[in-house]
Amino acid sequence: MGPAEDFTGFENIKNIITNNIFLKAVGNSFTIVALSLFVQLPLGLFLAILFGRGLRGRAFFRTIFFLPYVLSEAITAVLWRILYNPEPSRGFINAVLQAMGLETKAWLGETNLVLISIFVVLTWKYIGFHMLLYITGLQNIPRDVEEAALIDGVNKRQMFTYITLPLLAGTIRTSVYLSVLGSLQVFAIVWIMTKGGPVNASEVLSTYMYRFSFVRFQLGYGAAVAIVMLIIALIFSITYMSFVRRTEHIV
């Protein structure tokens, strides 16, 4: 693109942190992080316990839930764009709602629905990955520990609270770490489905960076956004790892 001629110093960083759309993107990214932690991961743990051991046909169900993770993000986004089509004659979800006599929705066209609609897609795609992580953790729990607890009269709720969860702590910490970093970096599904719209309602950090870097070709500003993203991820990683080491030391 040519040599750097106009040195802006920290001007781009200043413009970024005072830009309302960037702040909206930050809010949306952290909303996805929060939903992932408090909805997606608990649901993955529930499925892992349900299909982990002792259920007939569990291999089939594991495969069904893991298959979406195998699909590329581009295929996933195109598939769900078709499902979310506002025309009942073209969109499966609205067709079902219309058949039930319910109101159809413009799932990707309404500012109050679009982020939740995208999160549904993210959950559908990645819940199988976290489910398998938890299943692996469950299989590493010694059976004799559970059998000893049952002999002592522990019920299912107590088994889960005082035995299963503590012994799954390492797996849960890994799952949380991967989920947060993945949520902060989500891009392809959002860009293909909405391009951050409508009215920036689904703008996230990665789409904001891509828009300025490769659509508007304001490469300096886009690079500054990437640096801010790196700083956010780095702060989280350092803080989380230090917390994990501290808790492991206590245990």
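**Figure 1. Salt bridges in the predicted model.** A search of the whole structure finds 2 salt bridges, a salt bridge being a side-chain nitrogen of Lys or Arg within 4 Å of a carboxyl oxygen of Asp or Glu. This is a predicted model, in which local features need pLDDT of at least 70 and side-chain atom pairs count only at pLDDT 80 or more, while totals for chains, interfaces and linings use all residues. Residues are numbered from 1 along each chain as its sequence is written, and side-chain values use heavy atoms, with hydrogens and water left out.

**Figure 2. The Lys105–Glu103 pair.** Lys105 and Glu103 form a salt bridge through their side chains, at 3.9 Å from N to O. Lys105 is partly exposed at 28% relative accessibility, and Glu103 is exposed at 60% relative accessible area. Buried means under 20% relative accessible area, exposed over 50%, and partly exposed in between (1.4 Å probe, protein chains only).

**Figure 3. The Arg211–Glu203 pair.** The side chains of Arg211 and Glu203 form a salt bridge at 3.0 Å, N to O. Arg211 is buried, with a relative accessible area of 16%; Glu203 is also buried, at 0% relative accessibility.

Figure 4. Lys125 belongs to helix α6, residues 114–139; helices are DSSP runs (H or I, at least four residues) and strands are E runs of at least two, numbered from the N terminus. Lys125 is buried but has no salt bridge, and the nearest side chain of opposite charge, Glu73, lies 5.9 Å away. For charge, Lys and Arg count as positive and Asp and Glu as negative; His and the chain ends are not counted. The Lys125 side chain reaches the backbone oxygen of Leu71 at 2.3 Å. Leaving aside residues up to four places away in sequence, Lys125 touches Pro68, Tyr69, Leu71, Ser72, Glu73, Thr76 and Ile189, where contact means heavy atoms within 4.5 Å.

**Figure 5. A nonpolar surface patch.** Phe60, Phe61, Ile64, Leu67 and Val70 make up a nonpolar patch on the surface, with about 480 Å² of accessible area together. Patch residues have over 30% relative accessible area and no salt bridge, and nonpolar side chains (Val, Leu, Ile, Met, Phe, Trp, Tyr) are joined within 5 Å. Areas come from the Shrake-Rupley method with a 1.4 Å probe; for residues, only the protein chains shown count as cover. Leu67 sits in helix α3, residues 58–70, and is partly exposed at 47% relative accessibility.

**Figure 6. The chain around these sites.** The chain has 12 helices and 0 strands. Of its 251 residues, 37% count as buried.

Key:
Patch = residues over 30% accessible without salt bridge, like charges linked within 9 Å, V, L, I, M, F, W, Y side chains within 5 Å. Polar contact = N/O pair within 3.5 Å; in protein donor to acceptor, adjacent residues only side chain to side chain.
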